[in-house]
Amino acid sequence: MKKEVEKLLQYVQKPARYTGGELNSVVKDKDKIDLRYAFCFPDTYEIGMSHLGLKILYGVTNERDDAWCERVFAPDTDMEELMRKNGVPLFALESGDYIKDFDMIGFTLQYELCYTNMLNMLDLAGLPLLTKDRCELTPIIAVGGPCTCNPEPIVDFVDIVFIGEGEESTNEVLDLLKDCKKKGATKLEFLERAKDINGIYVPSFYEDSYNEDETLKELKPTHNAPARPKKSIISDMNTVYYPTEFVVPFINVVFDRATEEIFRGCIRGCRFCQAGFIYRPIREKSVETINKQSKALIESTGYDELSLCSLSTSDHSDVDNMLNSLIDWTEKDKINLSLPSLRVDNFSDELVKKLNKVRKSGLTFAPEAGTQRLRDVINKNVTEEEVLTTCNKAFDNGWTSVKLYFMMGLPTETMEDIEGIADLGMKVVHAFGKNPNTKGSGVQVSISCASFIPKPHTPFQWEAEDTMESLKAKQKHLLESIPSRKIKVSFHETPTSLLEGVLARGDRRLNKVLLDAFNNGCKFDSWDDKFNFDAWMKAFEDNGIDPFFYTQRQRSFDELLPWDHLDFGISRKFLENENKKAHENKTTPHCRIKCAGCGANMLNGGHCDARN
């Protein structure tokens with residue numbers, strides 16, 4: 001660590017955020033490597049250190065003898081203030097070196113409201129924000145993560161975009177960058193070669209134009225760039241790289257435990273869920289692989305908790321065998337096994353017996369909507385009876401708290417659907433009271449309501465977003481409909497939902513708005529106490545852009561969407577048909593019952609683990 005950094009740590013909260021040196025962190029001799037890669041998470045250490053993707057790509061890069069990947073997090077406001085006051089640029093944790101001198105700087109974008117943090121980190125590093133002002137080959141500024149399924153609002157600031165899964169494309173980009181450095185190539189020459197790597201999108205090679213009604217007319221490829229860049233995909237989850245060790249933080253982080261990814265994708269097809277579509281097709285790990293990797297992580301980290309990671313844990317095709325084999329050794333070694341993302345429609349008696357062998361915490365389920373009609377609209381394929389049956393199974397076995405996730409602002413939603421949320425919560429309370437096996441003072445039902453944001457590459461990508469006024473009225477109505485103190489309700493803030501909706505489905509014209517918002521002081525926009533709604537509205541006004549053009553407007557199927565040129569494998573016709581079925585209150589069976597022909601399997605040579 002540089003002395004100028006070290007002297008600042010006595011004045012900040014949680015100095016361990018900035019020191020590095022944790023167990024399993026990787027330190028290399030920088031004189032013996034060819035490439036230095038700063039992997040940036042645009043939020044605080046505690047949030048970034050909980051992110052599985054960072055752990056995977058950190059390991060992928062550091063497996064190489066010729067490259068060194070170091071971690072970089074957004075400094076909290078106290079540290080940033082001291083860094084700017086003392087002229088200390090943004091630095092990496094492992095070496096303490098300033099990242100402006102690295103070969104590649106990559107940001108993982110998990111949430112649209114982290115965009116200003118990305119700009120703040122580049123500025124704090126001492127780098128020009130706009131890609132056109134960075135003329136040298138290095139550092140290459142790259143972005144990846146779920147937000148890159150529509151990167152258009154940030155393309156003025158980045159050189160390359162990783163679309164899809166990065167385990168293989170990261171190595172291809174590093175190989176190319178190493179070769180270009182060796183040959184003394186220009187940045188343009190690097191980009192012209194990078195555009196041909198599967199899963200890489202070079203946004204500066206596309207020109208946008210607009211119709212008279214302000215909708216997108218064309219994104220025209222230049223420099224022989226592909227008309228539709230394809231996402232990269234990992235074909236075999238059993239053979240792809242997975243870390244055998246995680247960096248173990250010195251301080252508490254959000255998810256401080258070993259995490260084992262058990263499969264990618266989802267069979268369900270919930271129409272609101274972006275992750276369920278952009279991570280298709282389904283690809284599972286074998287039980288043998290899951291056990292082997294889990295044991296390695298526990299041994300190398302010393303964690304006493306193992307969490308299984310997927311979009312729907314109980315949908316693994318061999319879930320009973322998987323849990324039996326994991327419980328055999330975790331129970332013996334006193335390792336707590338955490339099973340998030342459970343479904344109410346496959347919460348079997350066998351699964352309950354297995355859960356009884358692990359630590360009891362509150363159970364979480366996601367009905368998503370309060371009435372069956374609206375659950376059919378969003379293709380949740382869960383009934384009220386299944387919710388109550390599942391809760392009763394849990395109550396039979398000693399659980400006394402249940403958390404239910406819902407959304408507000410869904411397409412076709414009415415106040416009757418809002419009342420249904422309160423009704424369902426109350427039926428869970430009554431189920432506990434009527435259950436002959438329940439003991440104690442009572443049940444606690446927590447209802448969490450997120451504001452629905454239509455997202456790209458989903459059947460609802462054409463839908464209008466609910467207004468802030470309407471969402472506030474629905475929140476008020478729900479609170480008035482709750483009849484019991486045994487039910488607690490929490491909401492998302494509506495102004496942040498508006499901004500998330502704008503950035504999620506925006507086009508390239510938002511780059512100027514984003515830059516102005518940053519210059520107006522915006523950062524940490526996902527933090528309620530730091531979000532500056534007025535500064536964002538001023539940025540929109542100064543650029544003559546109406547934010548509601550991106551949120552409150554119903555799009556037609558004929559409109560060219562800003563992300564249509566990016567191929568995530570999902571057929572546009574399939575999404576249109578799902579949208580039409582939603583407005584007819586019709587459901588689509590999940591992938592193991594009947595293949596709906598979404599097309600994603602073609603990215604994987606025609607294979608999908610959900611198919612027989």
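Biologist: How many aromatic pairs does the count come to?

Modeller: The count comes to eleven aromatic pairs, where rings of Phe, Tyr and Trp (its six-membered ring) pair if their centres lie within 6.5 Å. This is a predicted model, in which local features need pLDDT of at least 70, side-chain atom pairs count only at pLDDT 80 or more, and totals for chains, interfaces and linings use all residues. Residues are numbered from 1 along each chain as its sequence is written, and side-chain values use heavy atoms, with hydrogens and water left out.

Biologist: What makes the pair of Phe-531 and Phe-533 tilted?

Modeller: Their centres are 6.3 Å apart and the planes make 50°. Planes under 30 degrees apart count as stacked, over 60 as edge-to-face and the rest as tilted, so this pair is tilted.

Biologist: Why is Phe-531 called buried?

Modeller: Buried means under 20% relative accessible area, exposed over 50%, partly exposed in between (1.4 Å probe, protein chains only). Phe-531 has 15%, so Phe-531 is buried. Phe-533 has 23%, so Phe-533 is partly exposed.

Biologist: And why is the pair of Trp-536 and Phe-540 called tilted?

Modeller: Their ring centres are 6.2 Å apart with the planes at 40°, so this pair is tilted. Both residues are buried.

Biologist: How do you know that Arg-36 lies over the face of Phe-102?

Modeller: A charge sits over a ring if NZ of Lys or CZ of Arg is within 6 Å of the ring centre and within 35 degrees of the ring normal. Arg-36 lies over the face of Phe-102 at 4.3 Å from the ring centre, and Lys-530 lies over the face of Phe-524 at 5.6 Å.
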